Amino acid sequence: MTEFAAPLAFLVLLALAARIALLLRDRRRARNDFVYSSTELAGAGSSLKLRVSWIPFLLEMIGWVLLVVALARPQQISSTAADDRFGIDLVIALDGSGSMAAEDFKPDNRFTVARNLISEFIARRQNDRIGIVTFGSRAATRVPITFDHVMAQRILEEAEVGDNGDGTAIGHAIATGVNRLRSSESRSRVLILVTDGVNNSGSIDPEAAAALATRFGIRIYTIGVGSRGEVPIKVKVQNRFTGEIETVYHVIRADLDEPMLSGIAEQTGGRYFRAVDQDALESVLDTIDTLEKSRLTAPKRRNIDERYRTPLAAGFFTILLAVMLGETLWLKLPA
């Protein structure tokens, strides 16, 4: 498809039309005053030359029209064929509260293992649009839903425990994910919530946030992470004798609200999973990887090819040819 980047340039054609009208009027008045550069031209061929004496003028007008077309900047617009992708719109909400630093998910803590497995999960979902939310005492959108998985993984790798405070605002995390998904046109919209605690922060009740998800047709898959019983966790304390900051291990007990997480999943048509170690979490993400897929259309890209060079060159050439013919074959002698 051809478009013009500066269509107002065609207004110059009005001036050309006015000039043509004036020249035609003058030509009618001077029709009987044609003078040849040689007496030989007044012979048998003069009548033919007289009849086609308008050629230089026509070429000049064509040349100017071509220059105006070049000035209007013709462009060839093409769009890459949009590939139909079969996937879902999916937001992952990852708990980054202090308890996610517990080291019962060997070879690292809960948060690091979950972050790495989620990154691998994103890499497998090539046909999905992915968004990422992290939360603690508050929730924040790290990545709006996007096809750019490389960018999403890079930003996820930068997330750390405590980025969003030390509490666990599950209701706020769900509401943030729902806000990202509610305007999606995909028939399949999913929120994956990964947490190891109970809702103890934020002003939004998890059940109320889940009701909002149900209203927008968003399924929530909840994953409760953490082994049962006492687990070790690194904490930084100040040595009361030396004043130096030291890292020591404390033991905490898992405090996971499974009934609430299970209820949220059931309310929205999703499922609840319990992951007590790295292998279990990986298995859970593999299970979610088999979700029903719906059609999404990848964004189209417009390719613009500037086409002004051809009419520009043709216009200059045509005007030059008109001038040469007017100064040679159809040269007028001074009166």
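Patches are made of residues with over 30% relative accessible area and no salt bridge, where nonpolar side chains (Val, Leu, Ile, Met, Phe, Trp, Tyr) are joined within 5 Å and like charges within 9 Å. A salt bridge is a side-chain nitrogen of Lys or Arg within 4 Å of a carboxyl oxygen of Asp or Glu. Accessible areas come from the Shrake-Rupley method with a 1.4 Å probe, and for residues only the protein chains shown count as cover.

The model is predicted: local features need pLDDT of at least 70, side-chain atom pairs count only at pLDDT 80 or more, and totals for chains, interfaces and linings use all residues. Residues are numbered from 1 along each chain as its sequence is written, and side-chain values use heavy atoms, with hydrogens and water left out.

On the surface, L8, L11 and L14 form a nonpolar patch, and together they have about 360 Å² of accessible area. L8 has a relative accessibility of 67% and therefore counts as exposed (exposed means over 50% relative accessible area, buried under 20%, and partly exposed in between, with a 1.4 Å probe and protein chains only). L8 lies in the loop between strand 1 and helix 1; helices (H or I, at least four residues) and strands (E, at least two) are DSSP runs, numbered from the N terminus.

P7 also lies in the loop between strand 1 (2–4) and helix 1 (12–29). With 48% relative accessibility, P7 counts as partly exposed. The C-alpha atom of P7 is separated by 8.8 Å from that of P74, although the two residues are 67 apart along the chain.

The aromatic rings come next. A pair of aromatic rings is described by the distance of the centres and the angle of the planes. Rings of Phe, Tyr and Trp (its six-membered ring) pair if their centres lie within 6.5 Å; planes under 30 degrees apart count as stacked, over 60 as edge-to-face and the rest as tilted. By this rule there are two aromatic pairs. The ring centres of F4 and F10 are 5.0 Å apart with their planes at 80°, so this pair is edge-to-face. F4 is partly exposed at 35% relative accessible area, and F10 is partly exposed at 27%.

For Y221 and F273, the ring centres are 6.5 Å apart and the planes are at 20°, so the pair is stacked. This pair links distant parts of the chain, with Y221 in strand 8 (residues 218–225) and F273 in strand 11 (residues 272–275), 52 residues apart. Both Y221 and F273 are buried.
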